[in-house]
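Student: I would like to learn how to read the features of a protein model. Can we go through them one at a time?

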Amino acid sequence: MYQQMIFVNLAVNDLDASKKFFTELGYEINKQFSDENCASIVISDTIVAMIMTKQRYADFTDKEIADSTKTSEVLLCLSAESREKVDELVDKAVAAGGTETREPQDYGQMYGRAFDDPDGHTWEIMWMDPAAVEG
């Protein structure tokens with residue numbers, strides 16, 4: 001069965017700093033699809049973040065590139081396998097230079113936290129109790 005993938009394209013101010021940030025979170029860079037203008041950050045088998053210099057990003061759009069430190073262009077949400085994994089990833093992000101954007105949200109069967117990466121892109125990390133999903 002075909003497994004659809006998502007490639008999230010993000011403009012960044014400093015490609016080297018962004019690569020460092022994401023590798024400190026534990027993600028790998030796919031060097032085959034990376035160069036001096038972009039890096040392919042492998043989040044999972046089906047999720048890839050393509051971080052690009054603003055000049056490279058502009059090759060894909062005629063629109064003005066949002067200043068993600070001042071405006072919200074997208075909210076990215078990743079699932080986690082447990083509450084502890086939510087905390088682990090957000091804590092790593094803050095230690096690597098990210099900023100926690102709000103207080104944790106705890107609804108019992110669902111738990112989440114969020115951070116902004118150094119370029120201001122908001123990443124939400126959430127866990128949902130599998131029993132709540134089933135039933």
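Tutor: Let us start with residue classes: Ala, Val, Leu, Ile, Met, Phe, Trp, Tyr, Cys and Pro count as nonpolar, Asp, Glu, Lys and Arg as charged, and the others, Gly among them, as polar. By that scheme, the lining of the second largest pocket has 9 nonpolar, 5 polar and 6 charged residues. Keep in mind that this is a predicted model.

Student: What is the volume of the second largest pocket, and which residues are closest to its centre?

Tutor: The general idea first. Rolling a probe the size of a water molecule over the atoms shows where empty space is left. Here, the second largest pocket has a volume of about 250 Å³. It is lined by 20 residues, and Ala11, Tyr57, Ile65, Ala66 and Glu73 are the closest to its centre. The largest share, 5 residues, comes from β1.

Student: And how much space lies in the largest pocket?

Tutor: About 360 Å³. Of its 17 lining residues, Tyr27, Ile43, Leu78, Ser79 and Leu89 are the closest to the centre. Both β5 (75-79) and α3 (83-95) supply at least two residues of this lining, and α3 gives the most, with 4 residues. Sorted by class, the lining of the largest pocket has 9 nonpolar, 3 polar and 5 charged residues.

Student: Next, salt bridges. How many does the structure hold?

Tutor: A salt bridge needs a side-chain nitrogen of Lys or Arg within 4 Å of a carboxyl oxygen of Asp or Glu. The structure holds 11 of them. One of these joins Asp16 and Lys19, whose closest N and O atoms are 3.9 Å apart.

Student: How far apart are Asp16 and Lys19 in helix α1?

Tutor: They are 3 residues apart in helix α1 (residues 15-24), so about one helical turn separates them. Asp16 counts as exposed, at 57% relative accessibility, while Lys19 is partly exposed at 25%.

Student: Which salt bridge ties together parts that are 22 residues apart in sequence?

Tutor: That is the one between Glu124 and Arg102, with 3.2 Å between the closest N and O atoms. Glu124 lies in strand β9 (residues 122-128), and Arg102 lies in the loop between β6 (99-100) and β7 (105-106), so the pair ties together parts that are 22 residues apart in sequence. Arg102 is partly exposed, at 25% relative accessibility. Salt bridges can also link up: Asp87, Asp91, Glu100 and Arg113 are joined in a network.

Student: What describes a pair of aromatic rings?

Tutor: The distance of the centres and the angle of the planes. A search of the whole structure finds 3 aromatic pairs. Phe21 and Phe22 form an edge-to-face pair, 5.2 Å centre to centre with 85° between the planes. Both Phe21 and Phe22 are buried. Phe22 also pairs edge-to-face with Trp123, at 5.7 Å centre to centre and 65° between the planes.

Student: What does the pair of Phe22 and Trp123 tie together?

Tutor: Phe22 lies in helix α1 and Trp123 in strand β9, so the pair ties together parts that are 101 residues apart in sequence. Both Phe22 and Trp123 are buried. Phe21, Phe22, Phe115 and Trp123 form one aromatic cluster.

Student: Which residue lies over the face of Tyr111?

Tutor: Arg83 does, at 4.3 Å from the ring centre.

Methods: Residues numbered from 1 in each chain as written. Predicted model: local features only at pLDDT ≥ 70, side-chain atom pairs only at ≥ 80, totals over all residues. Heavy atoms only, no water. Buried < 20%, exposed > 50% of the residue type's maximum accessible area, 1.4 Å probe, protein only. 1 Å grid on protein atoms, 1.4 Å probe; cavity = no way out; pocket = protein on both sides within 12 Å on 5 of 7 lines; lining within 4 Å. Points joined across faces, edges and corners; volume = space filled by probe spheres on them. Phe/Tyr/Trp six-rings, centres within 6.5 Å; stacked < 30°, edge-to-face > 60°. Lys NZ or Arg CZ within 6 Å of the ring centre and 35° of its normal.
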